[in-house]
Structure formats: C-alpha cells, structure tokens
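The following paragraphs lead the reader through a structure with the sequence and the three-dimensional model side by side. Please keep both in view while reading.

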Amino acid sequence: MELLLTLVLGLLYAAGVYLILRRSMVKLLLGIMLLGNGTNLLIFLLGKLVKGQPPVMDESVSVFKDIYADPIPQALILTAIVISFGITSFAIVLLKRVYALVDSDDLDDLNTPEEEEEDL
Amino acid sequence: MIDNNILAPVFIHLFTAIIQLICWRKTVTQRVLSIGGSVLGLLVAIRLFNRVDQSGILTMNAANWDAPFGIVFVADTLSTTLVLLTSIVAVAVSMFSTVGISKKRMLYGYFPIFHFLILGLIGAFLTGDIFNLYVFFEVIIISSFVLMTLGGRKAQLEGGVKYMAMNILASTFFLTGIGIVYGLTGTLNMADLAIKIQAVDNQTLVGLTSCFFIIGFGIKSAVFPLYYWLPSSYHTPPSAVAATFGGLLTKVGIYAMLRIFSLIFIPDDFMQSLLMVMAVFTIITGSLGALIKNNIRRLFSYLIVCHIGFLVGGIAMFSTVALTGVIFYLIHDIMVKTNMFLIAGLIRQLKGTLEMNRLGGLYKEYPKISLLIAVVLFSLVGIPPLSGFWPKIFLFQEAFSQEQYIFALTLIIGSFVTLYVIAKMWARVFWRDQEEERTVNSSFDSLQPYRKVLLVLPILMLATVTLFIGLNAEYVLKIASKIAAQLIDTEPYIKAVLGNR
C-alpha cells in the first residue's frame, strides 16, 4: 500500500510541476491543484498507514497498548482540502475574469502597462 | 504563564470584520467601525506588549488541551512587538483608506477583508503551532488575493494572477514541509519540535526538509530568485492596499523564517551560506531594479526587495549581534515601507500621477507636506540620527567580525543605491520646477478639510513613530537585543510552552 501511494504521489508531483511550467493559465491552475493533492497524500502517507485500528479505547484500559491509526494527519488533510477548495474556487473566477479581459490564455500576455485611474 | 487574553487583538479585528459584514453597503458605518476597531486593537496590543515586557512569555492553550497536543498560542517579545507594529499600521491604513479607497471598492467589502488580513497577520505572529501558522498564512493570502483584485482593473487582475500563483505555490511548499516534519517527529507544536527534531536519526532528511521551508518563506518574503511576483504585482492595487502589503506581508515571511530557523532548524554552515548567497543577490537585483524604474510605486516595490536582502543576510549570520540588527531593521522597515506607499498615494492625490518625469514642483506648492515626506525618506536612507541608520551598524559590525566581506560590500551598495534613487526622486518630484503647464489634476485641493486631515494624519503618525525609533534608539535597541537573545537561547520559550516536562 505504501509503495502504491508513493508512486501515485510521485506521479501527482511530477504532473503538477510539468503543468506549472507551461505558459497556459488553466494548466498553471491544474498544476497547482495536482501539487496540492500530492501534498495531502504525502501527509497521509507520512502519518503512517495503519489498517483496522481506530484510535478508540476500551473503557477497561487507560493507555493505548497497540499501534493505532493516527487521527491528526486526517485532520490536517481535511483542513488543507477545505482551504484549497476556497482558494481554487477564487482562482477559477479570477482566471475567468482575466480571460474575459485579456482574451488570451497565455501567461506572457499579462503585461498591460499601468493605466491611470481615479483611485489612489 | 497562562493568559487567555493574548488572543484579544485577533478577536477585536474578527468582530470588527463581522460587524462590518452585517453593515454591508453602509460605507460610512464601515469607515467609522474600521478606525474604531483598529484603535481598539492598538490599545490592546500596547497592553499586551507591556505585559509581556514585564512578566515574560505568556501562553494560551486552545480549549485547554495541554501543550504538545492542543494548539498553543505564545506571546513572546518578538510576537508582541510585531503585533504592536501591525496594529499601528492597521490604524494608519484604515484612516488613510477612508479617503484613499473609492466608494466602489468599499461597497464590495474592502474594509471587512482588510480586517481579516490584519487578523491573519496577528494570528500568525501569535501562534505556537506550525500547522496553525499555515492556516493563518492561508487567511492572509486569501484576504490579500481579494484586496489585490478588488476593483477589477485589467492591470490589477493580471498582477493578481502572478501574485496568486506564486503564493499558492509557497503555501504548498510550506505544507509539504509540515507533512515531512510531522512524519519525522509526530508533533506540530513548535517548542516540542525544537526538542524532538534533534532526536531524529536521519539529520540529512531534516536538512532537506528545511529547504521546503526556505522556499516557502522565501517566496512569501520575496528573496532572490523567488521575488519576481512582487514587482509585477505590488504597483497595481490602490496605495492603501499596497501599503499594507509592502509593510507587512513580506515581513511575515521574515518572521516565519526567524521563528522556524531559530527554534527548529538551527542554521548549519550550508544553510548559512545558502541564505547569504540569497541575501547578496536579493540586494543586488533589488537595487538594480530600483535604479531604472520611473514609476514611484514600482521603485518602492524594488526597494522592498532590496531591503529584504538586508534582513535575510542578518539571519544568515545568525548571531546575537546580527539578529539584533535584523530585529531593529524589521521594526524600522515595517513603519517606513508602509509610510512610503501611503506617501505614494498622497502624491497621486496631489498630482494625479506617479510617473517621475511628469511630476515636479511639489516642494513649492506644498512645503509642509514635503518636509514631512522628507523625514520619512531620510529615515529610509538611514541618515545618522534617524531609524534606518542604527540597525546597519550592527549588520556591518557582524559582517566584519564574521569576515563576510561580500555581504558588507553589498550592504554598502544597497544603501548607496537607496540613497541615489531617493535623492533622484526628491530632486525630480519635489525640487524640480514643473517643466511645462501640464494638465495637473490635483484632487487634493478640492477635498473637504477633514478628508485632507485623514490623508495626512496617518503619514504624520507613522513618521512620528519612525522618528521615535530613530531618536529613542536606545529603548528600541534594548527590545531588539532582548528578542535576539531569546532567538539564540530558546530555552525560555520551550519552557514557557511545555512547562517543565
């Protein structure tokens, strides 16, 4: 199971980095999302995988005697997923607005010179 | 010592933001609430600073979970100093924003988001848990995304894309680092990590992990070669927003570096030379960029990068003297950089443009305001009795005693370029007569008097703080050396968090 996760992880990071290095804005966003998912899996993997041992104790014992599944990585991943959900939705809306204004998906076209505005 | 009031500044800004959300579209109420909330936050921050100064490090365990298991908030001198500075900036910027931000932006929630940003900054300074630090970083970046793009001009959105991409990437690196550290040690509490990281067998892996933090914080604090997002985005939002960003957002990266590298990954020789190389190139590229810029705000953006190099170089030397210099420079830099962008906003209001070759004659038309601005500019350059001068002594002294001659040389170059570009700006914008009759659209003279006051008062306030830092350097130096001592000897911090276990 660890080996499989490691391979998936490597694939996600590699694909993410490849997509970030492209010039397209949409691919940039997809790359960032893949990297984020890779990171979540990494936390999960490094929290040590334990099968069928929930961190719940019997009433009769006061300390854990056996190895148990660590709940903290899952809490961390849940938090990270929620955060990346919010950020990704913002990013999609932003990219859509930029695409509507610039009419291009190429990151190199994002260099409009400063225009004057009424605000400070 | 346990004290449950240390989160009060966070809650004040949280509730200010929530009440402002309830008063959606009532811009006058929001403006009053913003100034009121920021002033209240400042008073609480002053109280917190004094308490920590007198009675030592305060901690708070969230939901009463004991230290290594729950989330812990720690207020030591470094944290409270930065909370205090952030609160001062918050007061100044919220005052300036009441006039400097257009009604259109206020209607779409400028003020609540601004307070969420300040909340995130203060929370990041106060937390003692590395994952919680990540969460507060996310609060900061998501509010800054909104502030950066609010208004929806083309240049702003384009800057926003670059800013967003790099900052999400920085967070991903930071989170990856946290994941590996948790896998190595099984803890997220920074004080606990400081102990457990030394017991890890594979120290090479620890060194590699620290690289993730360097990249993550390096992008946030804009060091070479990771700073390119900053000059291409900071000139696009309104000056009040740029002031908050320029003054505080890059500095929170420096704070995180100071905290993580003093507590968890103590810099070894390789890390020190890596940071030193980054610092030297940051200073050089930042000052070269500043030399050729004609727009005042773009010039200031490059000066931010240049001066971040001073701070990173100080961290690289990692000794009490160097860190004293870093802390002193950090205190000075937050005040001055915020003020610089506010000044840019004021010049825009006075003259209707920020292009240096179209400006001129400011001194003749507004001598009092020009003199006020001169004080700030002199502090930035570091004319001896003023605040930019003192920390450089420490950095120089340490650079020579550690035989880092290249860094000493780049420090001199960086300082001279700063002097040159500021002198150039002063000569062109303030002294030179306006060459021909241009279409000067000064919207300043037509403002009502109280609005003029709201624009100038924040600059005056920050300039006073800068003067205080410069003229009362002995007191600031005492604070800075106390912080530096705490960063080198982390025993009291760890003890305060973990008790005597």
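Where in chain B does Ala222(B) lie? Ala222(B) is found in the loop between H9 and H10 of chain B. Although Ala222(B) is not a glycine, its phi is positive, at about 60°. Ala222(B) counts as buried because 26 C-beta neighbours lie inside 10 Å, the cut-off for burial being 20 or more. The loop between helix H9 (203-221) and helix H10 (239-263) of chain B also holds Pro225(B). A cis peptide bond, with omega of about -5°, links Phe224(B) to Pro225(B).

The confidence of the prediction may be considered next. The model has an ipTM of 0.91 and a pTM of 0.92. For chain B, the average pLDDT is 88, and 98% of the residues score at least 70. Within chain B, helix H5 (residues 110-126) has the highest confidence, at 93, whereas helix H14 (residues 362-365) has the lowest, at a mean of 81.

The overall form of chain B can now be described. Its secondary structure consists of 20 helices and 2 strands. The C-alpha trace spans about 75 × 55 × 40 Å along the principal axes of chain B. The radius of gyration of chain B is 22 Å, which agrees with the value near 23 Å that a compact globule of 501 residues would have. Buried residues account for 61% of the 501 residues in chain B. Among contacts in chain B between residues at least 6 apart in sequence, 80% join residues at least 24 apart.

Chain A presents another picture. It has 3 helices and 0 strands, and its elements run α-α-α from the N terminus on. The radius of gyration of chain A is 21 Å, well over the 14 Å given by the globule rule for 120 residues, so chain A is more spread out than a compact globule. Its C-alpha atoms fill a box of roughly 75 × 35 × 20 Å along the principal axes. Of the 120 residues in chain A, 27% are buried. Among contacts in chain A between residues at least 6 apart in sequence, 55% join residues at least 24 apart. In the segment after H3 of chain A lies Asp103(A), a residue other than glycine with a positive phi near 60°. Asp103(A) is exposed, because 8 other C-beta atoms lie within 10 Å and the limit for an exposed residue is 12 or fewer.

The two chains meet at an interface in which 33 residues of chain A are in contact with 37 residues of chain B. On the chain A side, the elements that give two or more residues are helix H2 (25-46) and helix H3 (71-102). H3(A) gives the most to this side, with 14 residues. By class, the side of chain A that touches chain B comprises 20 nonpolar, 6 polar and 7 charged residues.

Helix H18 (residues 449-471) of chain B has 23 residues and reaches 31 Å from its first C-alpha to its last, close to the expected 33 Å. H18(B) bends by about 30° at Val456(B), with a proline, Pro458(B), following within four residues. The buried residues of H18(B) include Leu455(B), Pro458(B), Ile459(B) and Leu462(B). Among the elements that cover the buried residues of H18(B) are helix H3 (77-100), helix H13 (320-351), helix H15 (367-381) and helix H19 (473-488) of chain B.

Helix H16 (residues 389-401) of chain B has 13 residues, which should span 18 Å at 1.5 Å a residue; the end C-alpha atoms are 19 Å apart, which agrees. Buried residues in H16(B) include Trp390(B), Phe394(B) and Glu398(B). The buried residues of H16(B) pack against helix H12 (296-317), H13, helix H17 (405-431) and H19 of chain B. After H16(B) comes Glu403(B), whose phi is positive, near 60°.

Ser97(B) is buried, with 30 other C-beta atoms within 10 Å. Leaving aside neighbours within four places in sequence, Ser97(B) is in contact with Tyr110(B), Phe114(B) and Ala240(B).

Technical notes
Residues are numbered from 1 along each chain as its sequence is written. Chains are lettered from A and ligands numbered from 1 in the order in which they are written. This is a predicted model: local features need pLDDT of at least 70, side-chain atom pairs count only at pLDDT 80 or more; totals for chains, interfaces and linings use all residues. Two residues are in contact if their C-beta atoms, placed from the backbone, lie within 7 Å. Ala, Val, Leu, Ile, Met, Phe, Trp, Tyr, Cys and Pro count as nonpolar, Asp, Glu, Lys and Arg as charged, and the others, Gly among them, as polar. The expected span of a helix is 1.5 Å times one less than its number of residues. The bend at a residue is the angle between axes fitted to the seven residues ending there and the seven starting there. The radius of gyration is taken over C-alpha atoms; the globule rule is 2.2 Å times the number of residues to the power 0.38. pLDDT is the predictor's confidence in each residue, from 0 to 100.
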